[in-house]
Amino acid sequence: EYLQDLLDSQKVQFKDCLAALDFLILHKFVTASDLFLKFIDQNLSSISSLPEFDTVSECSMQALLKYDKTSTDIVLFTALSKWLENKASLPANVRMEMLSCFNLERFTKNDLVNIVRKTNFFEDEDICDVLEKHLENLDKYIGEANKQIDAMQQGQIEAQQTTIEESERRINEALMVLMTQPQ
């Protein structure tokens with residue numbers, strides 16, 4: 001509970017959290033490492049911009065990737081991308097395992113084009129396939145919206161037609177009354 005109180009009151013500096021996480025994961029303190037994973041995840045955008053983030057261990061990074069996160073996929077992806085910048089010696093299979101934590105379909109179109117694609121971590125064809133699905137969904141949405149607009153317009157036309165017919169009827173009735181009155 002003491003650790004939880006320290007983290008909740010934000011009395012622990014971000015860089016110290018990274019060192020603590022490495023220690024806790026290395027020594028398999030599961031409960032305590034979960035506390036720090038949660039805290040780091042909640043503050044990932046700020047924490048990943050620290051120079052100390054680059055020194056986080058591979059085990060800690062994998063734990064963060066597999067943690068039931070609250071941060072968005074793009075924030076986590078950007079953090080991983082930054083972390084991988086100085087990890088040229090990281091084995092390809094480990095890199096692929098880390099990247100497999102991401103489902104491209106969970107990224108927005110803008111994130112795919114402006115961030116994910118530029119890292120070259122995924123094949124352009126895979127990104128294009130996801131963008132194609134996004135476009136298909138957008139086309140469906142636009143089609144449904146157009147149907148609703150058409151229905152609304154048709155309803156308005158019918159309402160206007162009814163109003164015009166009612167006005168014509170009243171005018172005709174008024175004319176009949178005028179025509180039947182003696183002059």
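Tutor: Let us begin with charge: Lys and Arg count as positive and Asp and Glu as negative, while His and the chain ends are not counted. In this predicted model, the protein chain has 18 positive and 31 negative side chains by that count, and the centres of the two sets lie 4 Å apart.

Student: What makes Asp111 a residue that is buried yet has no salt bridge?

Tutor: Buried means under 20% relative accessible area, and Asp111 is placed in that class. A salt bridge requires a side-chain nitrogen of Lys or Arg within 4 Å of a carboxyl oxygen of Asp or Glu; the nearest side chain of opposite charge, Lys109, is 10 Å away, and therefore Asp111 has no salt bridge.

Student: Where does Asp111 sit, and which residues does Asp111 touch, not counting those up to four places away in sequence?

Tutor: Asp111 lies in helix H8, which covers residues 109–119, and with that exclusion Asp111 touches Ile74 and Val116.

Student: How do you know how the protein chain compares with a compact globule?

Tutor: A compact globule of 183 residues would have a radius of gyration near 16 Å, whereas the protein chain has 31 Å, and the C-alpha atoms fill a box of roughly 110 × 45 × 25 Å along the principal axes. Of the 183 residues, 32% count as buried.

Student: What makes the pattern of the protein chain α-α-α-α-α-α-α-α-α?

Tutor: The protein chain has nine helices and zero strands, and that pattern is what one reads along the sequence.

Methods
Residues numbered from 1 in each chain as written. Predicted model: local features only at pLDDT ≥ 70, side-chain atom pairs only at ≥ 80, totals over all residues. Heavy atoms only, no water. Helix = DSSP H or I, 4+ residues; strand = E, 2+ residues; numbered from the N terminus. Buried < 20%, exposed > 50% of the residue type's maximum accessible area, 1.4 Å probe, protein only. Contact = heavy atoms within 4.5 Å. Rg over C-alpha atoms; globule rule 2.2 N^0.38 Å. Charge placed at Lys NZ, Arg CZ, Asp CG, Glu CD.
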